[in-house]
Amino acid sequence: MDYFVAVAEERSFTRAAERLNVTQQTLSANIAHTEKELGTKLLDRSVPLTLTYAGEEFLKYARRFQATRRAMRQEFRDISGNERGRLRVGVTATRGHIIMPRSIAAFQKQHPLISIELHEGENDQLVEWLSGGQLDLVVATITGPAYDLVVHDLFLEKIVLVVAYDLLRELYGNDADAVVAKVEKTANLSPFADLPFLTVGKRDVAGNLARQAFESAGINPHIKVMSRNSETLMALAVRGVGACFLPSELVASTFTKPQDAGLCVIELGKDMTYSVSVAWRKAEHVWSAITSFDEVLKEQLSEVTSEASV
């Protein structure tokens, strides 16, 4: 099962063998034996390597087997009081920058023998990886049905539009302040139809909200840059390349006074606010490290909120 998952994820016998620290011959022979046992071809060995329909189905079983084996090991660690293991945590890059340093440091003070494997990805990817058993816990926005997950709300995240004052003045001249005021009052982007934009990936929440805002305003935006990295987009906004949609916490953690960096931060109303949650898979036994990390996240976020209100 481990051999097949590695080949399926790497789409290469060479890379999978290096990852598993085995020879390509051992790996190939193992999968050939599996195909013989199942009576069907799992891989198309042309370049690039692809999975057959049977291979896609077998991959689902293999990941479920891995998840079950991992859950068994975690349960027996809890039974024996053995606080060891590796906790796989998923988070978007932006939230990781804001949330994880304090939370991981606090968690490892309490559980020094448990290592953290941090995975960064777009929001929808993280939820898929969690459901597929590739992660133990995620901090994400859960937008669809989550029958297979335990979901605890952590905090509300607000998306704001960040744009350089110089760019606004270049496009709107002396009317720049009036245009900004109109957008903030109506939460409608139509006055910004000529403004260039910077957006995150298609599978991130901020990106989806931006596209909804464009559709609601009836504008076809000029997207100058698309990136998964919000920090990169913010740096481009500072340089006047375009306007970008960012979590307000990221802006606040980067700039004490955004206006001093030449940035205009525009509020876009309640439709640009959503819940961020911590989630893990439902199971008869949940590893204690998962629930402990959940508690640490809540404690750390509570402290940050208290500090912000002082």
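**Figure 1. Helices H7 and H8 pack against each other in this predicted model.** Here we look at H7, which covers residues 165-172, beside H8, which covers residues 176-186. Their axes lie 9 Å apart and meet at an angle of about 105 degrees. An angle of 65 to 115 degrees counts as roughly perpendicular, and H7 and H8 are therefore described that way. On the H7 side, the residues to look for are Leu168, Arg169 and Tyr172, and their partners on H8 are Ala176, Val179 and Val180. Sorted by class, this contact holds 5 nonpolar residues, 1 charged residue and no polar ones.

**Figure 2. Helices H1 and H4 form an oblique pair.** H1 takes in residues 2-10, while H4 runs over residues 53-80. The two helices pack with their axes 9 Å apart, at an angle of about 125 degrees. Their crossing is left-handed. From H1, the contact draws on Asp2, Phe4, Val5, Ala8 and Glu9. Facing them from H4 are Gly55, Phe58, Leu59, Ala62, Arg63, Gln66 and Arg69. Counted by class, the contact of H1 with H4 has 6 nonpolar, 4 charged and 2 polar residues.

**Figure 3. The cysteines Cys244 and Cys264 are in no disulfide.** A disulfide is a covalent bond between the sulfur atoms of two cysteines. For a pair to count here, the sulfur atoms must be within 2.5 Å, and by this rule the model has 0 disulfides. For Cys244, the nearest cysteine sulfur belongs to Cys264 and is 12 Å away. For Cys264, in turn, the nearest cysteine sulfur is that of Cys244. Cys244 is buried, with a relative accessible area of 0%, and Cys264 also counts as buried, at 6%.

**Figure 4. Ser292 sits in helix H12.** This helix spans residues 288-309. With a relative accessibility of 19%, Ser292 counts as buried, because the cut-off for that label is under 20%. Once neighbours within four places in sequence are set aside, Ser292 is in contact with Phe107 and His111.

**Figure 5. Helix H6 has several buried residues and is followed by Gly133.** H6 covers residues 123-131. Its buried residues are Asn123, Gln125, Leu126, Val127 and Leu130. Gly133, which comes after the helix, has a positive phi, near 85 degrees.

**Figure 6. His222 lies in strand S8.** The strand spans residues 222-226. His222 is partly exposed, and its relative accessible area is 46%. Not counting residues up to four places away in sequence, His222 touches Leu195, Pro196 and Phe197. To place this view against another part of the chain, look for Val47: it is 175 residues from His222 in sequence, and the two C-alpha atoms are 37 Å apart in space.

Figure 7. Along its principal axes, the C-alpha trace spans about 75 × 50 × 30 Å. The chain has 310 residues, and 43% of them count as buried. Among contacts between residues at least 6 apart in sequence, 72% join residues at least 24 apart.

Key: Residues are numbered from 1 along each chain as its sequence is written. This is a predicted model: local features need pLDDT of at least 70, side-chain atom pairs count only at pLDDT 80 or more; totals for chains, interfaces and linings use all residues. Side-chain values use heavy atoms; hydrogens and water are left out. Axes are lines fitted to C-alpha atoms, for helices over the stretch in contact, and angles run from 0 to 180 degrees between N-to-C directions. Helices (H or I, at least four residues) and strands (E, at least two) are DSSP runs, numbered from the N terminus. Angles under 35 degrees count as roughly parallel, over 145 as roughly antiparallel, 65 to 115 as roughly perpendicular and the rest as oblique. A crossing is left-handed if the near helix is turned anticlockwise from the far one by less than a right angle, and right-handed if clockwise. Contact means heavy atoms within 4.5 Å. Ala, Val, Leu, Ile, Met, Phe, Trp, Tyr, Cys and Pro count as nonpolar, Asp, Glu, Lys and Arg as charged, and the others, Gly among them, as polar. Buried means under 20% relative accessible area, exposed over 50%, partly exposed in between (1.4 Å probe, protein chains only).
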